[in-house]
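These are my notebook entries on one structure. I record below what I looked up, entry by entry.

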Amino acid sequence: MMGRYIVKRLIYMVPTLIGMSIIAFLIIQLPPGDYLTSMIARMTESGENVDPAQVARLREIYGLDDPVLIQYWKWISGILLRGDFGHSFEWNRPVSDLIWERMGSTLAISLASLLFVWAVALPIGIYSAVRRHSFGDYAFTFLGFLGLAIPNFILALTLMYVTYRYLGQSVGGLYSPQYVEAPWSWGKFVDLLSHLWIPIIVIGTSGTAALIRILRANLTDELNKPYVVTAKAKGLPEYKVVLKYPVRIALNPFVSAIGWVLPELISGVTITAIVLNLPTAGPLLLRALVSQDMYLAGSFILLMGVLTLIGMLVSDLLLALLDPRIRFT
Amino acid sequence: MTKISRRAFIAASSAFAGAMVIGRGVLAAEAKESAYFQAQVDSGELPPIAERLPVNPLVITPTERPGQQGGDWNHALVGGGSLSMVVRYQGYEPLVRYTPDWSGLTPNVAESYEVNEDGTEYTFHLRQGMKWSDGHPYTTEDVLFWYEDIFLDQDATMGGHTWWYAGGEVGKLEVIDDVTFRVTFAAPNGFFVQQLAWARQDHMVLAPKHYLQQFHIKYNPDANTLAQERGMESWIALFQRENGLDDDNVFFQNSARPTLMGWMWQSAPGENTEQAIAVRNPYYFKVDTEGTQLPYFDRIVYQMVADPEVLLLKTLQGEIDMMDQYIATPANKPVLFDAQETGDFGFYTLKETAANVMVFQLNLNHPDPVKNELFNTREFRQALSVAVDRQALIDTVFVGQGAPAQPSIRPDDPLYNERLATQHTEYDPEAANALLDELIPEKDGEGFRLDSQGRRLALIFELDQTRTTFIDMMQLVVPMFQAVGIDAQVRSMDRSLWETRVRNGREFDATCHQFGANSGIAAMLDARYFVPFNGNALYAPGWNLYYTEPENPQAIEPPSEIKAQQDLYRDLLGTAGAEQQNAKMAQLLENAADQFLVFGVSLPPDGYGVVKNNMVNVTKEMPNSFGWPTPAPTRPEQFFKS
């Protein structure tokens with residue numbers, strides 16, 4: 001039953017992916033100009049002169065004069081037939097290398113902040129729902145809204161300034177300069193931790209607030225249901241009543257959101273990552289889009305599409321596991 | 001200050017024989033081995049210092065005092081963006097280079113050169129025994145490889161290099177022996193050496209034959225297979241990727257290609273997206289006056305930063321040794337000033353070299369005949385110019401720094417033309433109205449002037465939105481134009497759209513830009529606001545094309561006085577000898593003042609850079625330019641930390 005369901009879902013993904021790759025590529029090609037236009041802009045920016053004849057020649061060599069369909073075919077056939085995602089114009093390296101290189105730190109930061117969000121949001125959400133309209137509820141609500149309202153990048157800049165001013169620590173990035181190339185050691189690990197708390201807090205604050213509110217609302221609905229009242233009447237301890245049934249149901253939105261969590265891992269925290277100078281995938285994607293480095297940008301978008309589809313599938317499966325009322329069809 | 005650089009200039013340029021004597025004397029006796037390479041020399045991986053240096057190394061007289069080898073020069077690059085910044089720190093080693101004060105030229109990779117009387121024949125002498133960073137000799141063979149197999153090779157060439165052409169023909173390069181070659185032109189080519197000294201126009205010292213030939217079909221019949229293995233369609237694309245001569249990003253991302261520069265990549269930008277490191281080149285051809293091989297710094301370490309604000313914080317914290325780009329803005333100066341002590345840095349002055357802070361450019365080749373005629377009327381441009389209250393712009397946008405001026409030459413330069421610099425800068429809306437009443441007297445109900453067809457005369461300035469100072473200024477300028485009945489509007493747009501519509505388009509009314517040059521050699525080489533001759537003269541796309549390709553159907557034949565100006569400029573470029581060059585340039589500027597094609601706001605105020613207090617030999621005042629790639633001509637190889 002479940003096996004067939006998964007196979008069916010996987011087959012459905014194929015046309016979706018094809019459509020996605022075409023749209024991704026077309027959207028990248030939509031803005032006027034191409035990689036060379038942005039290169040010229042960059043060079044004239046620094047006062048350099050660019051000869052139009054040279055540019056025409058480069059365009060010919062890079063194949064930027066070909067019709068969009070041919071360019072698309074070159075790209076997609078490389079991926080399908082040889083697993084080759086193409087060459088990044090700007091970095092002069094294979095796209096796949098560039099993406100993989102950034103994946104480790106991207107995953108580490110995203111997972112760490114996801115865990116931070118859950119670790120903070122779950123207990124607070126439950127507390128707020130159970131002790132509604134108490135002083136604690138209002139206090140957390142206030143903090144939560146504050147976290148939601150302050151733009152991430154402002155918070156990032158402020159925290160960076162604070163660390164620069166009062167802690168005297170190297171700002172931005174994940175390591176101090178002397179540790180970037182150093183092999184792993186205790187010192188490097190401590191250095192990493194002393195840098196990592198800023199992005200985790202910055203990325204975490206807004207997510208926490210949203211989750212607390214969702215959990216609080218869902219749980220409030222559940223807590224008034226007759227089965228909870230019955231369980232309480234039968235003398236089950238309060239914490240057991242709450243944790244065993246209503247919380248499980250209130251968790252549904254957490255799980256169904258996993259579909260969005262995976263692509264968020266790549267692009268969700270771009271602005272924060274740029275401000276904090278984190279070596280994650282977000283800034284690389286943004287840079288690729290700005291400089292119209294089309295193969296890099298296209299591959300990123302395609303990868304995010306794949307991750308969204310996988311995330312959706314995983315969250316559907318988990319939801320079915322968590323809530324027996326949901327069936328595979 | 002000037003005294004020392006002057007002495008350095010004379011020592012280096014006037015007497016190569018003298019330099020040779022000092023060089024030999026110092027060298028043979030006591031050239032010292034670098035601690036950095038000692039182990040490699042001991043194990044036999046590297047030959048000893050005396051065998052690595054050329055017979056006649058270039059002796060550099062340090063700006064303040066000789067130093068010792070060692071240490072890191074800490075830098076940063078913003079974004080995956082432009083690696084042309086690297087040229088400024090380690091990438092400027094042309095045959096002949098500009099002097100630290102940009103007053104002239106001094107030999108560099110070439111030991112000396114001679115020019116004949118009329119500027120048609122240039123003879124260059126390379127250094128005997130000079131080597132690439134992998135130890136392979138650098139000879140005229142490499143020069144010839146660039147000339148024949150890259151520049152003139154039908155497949156490998158990227159075109160361009162206009163300074164190699166005179167009298168409609170490309171210069172002929174002829175190898176005389178291992179270290180001597182001659183370039184002969186069909187007609188005088190007065191600025192050839194100056195052009196070769198311009199940043200990134202020094203391809204003859206960038207193409208190691210022994211490395212690049214493996215990618216060239218002429219030397220390696222399997223080059224196409226090699227390219228396909230690397231995922232490229234043909235050897236041409238691979239060869240371009242490997243030499244990177246025409247794209248800084250490609251050039252500086254290849255750590256495998258040998259170089260003549262002071263530092264070579266250990267990990268190139270892009271190979272590592274967080275940090276790039278360049279280490280000392282064991283074969284670098286320069287020594288100081290005490291016989292220590294340069295550069296002093298063992299390594300240059302570039303942190304890759306995604307955002308200028310992060311760079312600012314890093315600078316405040318003292319992590320950056322020297323920085324005059326990205327963050328050296330008027331707005332950041334107070335912050336940097338306050339942090340001088342905690343960050344342990346000081347300031348140096350950058351002499352701005354742009355012709356103006358912002359140049360208003362009406363499209364003189366507008367496809368609409370009515371607008372075209374109006375824009376080409378000098379009185380119309382004059383009216384707009386006097387309608388601008390420049391002092392208000394300077395006070396608001398540049399915190400009062402600067403004085404009203406048109407795009408022109410700096411007052412302290414011998415070429416200064418007062419009329420060109422100051423005409424029509426007086427704020428006088430009444431005069432503007434009077435002039436406009438002559439040309440387009442009709443107005444509509446809202447007080448806006450109508451053109452000869454009865455349409456409201458809209459003047460739309462299309463701006464690149466990343467140029468925030470332009471947008472700030474235009475916010476103040478629009479009401480000034482409206483006050484004289486011109487319906488001026490501003491459209492700021494994404495850069496790529498701006499590039500398409502303005503730089504490569506013809507349909508725009510007007511735009512604003514900057515750059516150009518405000519002194520001496522630079523103004524002669526980049527005369528964009530005095531004569532329309534290349535794509536940087538945004539105000540006349542059709543006339544620009546006419547200058548280079550009069551036969552092109554897109555080209556527009558300019559009126560006779562502009563044509564005469566273009567001819568004069570062509571003549572100037574062919575002239576050898578500083579005196580005649582200056583005379584012709586003066587005439588060109590005089591004509592530009594008559595024609596008054598564009599107008600501006602103010603000469604740019606001086607900029608600044610920050611440098612750590614322990615850095616020695618950094619010049620306290622230098623031009624800010626790309627052709628003179630700040631601060632490279634002040635010789636970073638002799639910077640060190642005390």
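**Entry 1: the annotated domain of chain B.** I looked up the UniProt record, an unreviewed entry, and found the annotation "domain: Solute-binding protein family" on residues 105-519 of chain B. I then examined this span in the model, which is a predicted one. The end C-alpha atoms of residues 105-519 of chain B lie 15 Å apart. I noted that the span is 30% helix and 20% strand.

**Entry 2: the domain assignment of chain B.** I next turned to the domain assignment, which gives chain B a domain 1 (2-207 + 245-350 + 608-641) and a domain 2 (359-600). Taken over C-alpha atoms, the centres of domain 1 of chain B and domain 2 of chain B are 36 Å apart. I found 15 residues of domain 1 of chain B in contact with 11 residues of domain 2 of chain B.

**Entry 3: a helix pair, α16(B) and α19(B).** I noted that two packed helices are described by the angle between their axes and the distance between the axes. Helix α16 (residues 378-386) of chain B and helix α19 (residues 429-439) of chain B cross at roughly 155 degrees, and their axes come within 8 Å. An angle over 145 degrees counts as roughly antiparallel, so α16(B) is roughly antiparallel to α19(B). I recorded the crossing of α16(B) past α19(B) as left-handed. From α16(B), the residues B:Glu379, B:Phe380, B:Gln382, B:Ala383 and B:Val386 meet residues of α19(B), including B:Leu435 and B:Leu436. By class, this contact of α16(B) with α19(B) has 8 nonpolar, 1 polar and 2 charged residues.

**Entry 4: a second pair, α24(B) and α25(B).** I looked up helix α24 (residues 560-574) of chain B and helix α25 (residues 578-595) of chain B, which pack at an angle of about 160 degrees with their axes 10 Å apart. The angle makes α24(B) roughly antiparallel to α25(B). The crossing of α24(B) and α25(B) is left-handed. Among the residues that make the contact are B:Leu568 and B:Tyr569 of α24(B) and B:Met585 and B:Leu588 of α25(B). I counted this contact of α24(B) with α25(B) by class as 5 nonpolar, 5 polar and 3 charged residues.

**Entry 5: where chain B touches chain A.** I found 44 residues of chain B in contact with 45 residues of chain A. Several elements of chain B each supply at least two residues of the side that touches chain A, among them α10 (235-243), β14 (299-305) and α21 (495-503). That side of chain B has 12 nonpolar, 21 polar and 11 charged residues.

Entry 6: The unreviewed UniProt entry lists "transmembrane region" for several spans of chain A, including residues 12-30 and 196-215. Residues 12-30 of chain A are 95% helix, and their end C-alpha atoms lie 28 Å apart. Residues 196-215 of chain A are 100% helix, with end C-alpha atoms 27 Å apart. I also noted that chain A is divided into domain 1 (2-95) and domain 2 (102-322). Here 23 residues of domain 1 of chain A are in contact with 15 residues of domain 2 of chain A. Which element gives the most to the side of domain 1 of chain A that touches domain 2 of chain A? I found that α1(A) does, with 10 residues.

Notes
Residues numbered from 1 in each chain as written. Chains lettered and ligands numbered in written order. Predicted model: local features only at pLDDT ≥ 70, side-chain atom pairs only at ≥ 80, totals over all residues. Contact = placed C-beta atoms within 7 Å. Helix = DSSP H or I, 4+ residues; strand = E, 2+ residues; numbered from the N terminus. Nonpolar A, V, L, I, M, F, W, Y, C, P; charged D, E, K, R; others polar. UniProt positions renumbered as here; feature names shortened; annotations may be inferred. Domains from an automatic or database assignment. Axes fitted to C-alpha atoms, helices over the stretch in contact; angles between N-to-C directions. Parallel < 35°, antiparallel > 145°, perpendicular 65-115°, else oblique. Left-handed = near helix turned anticlockwise from the far one by under 90°.
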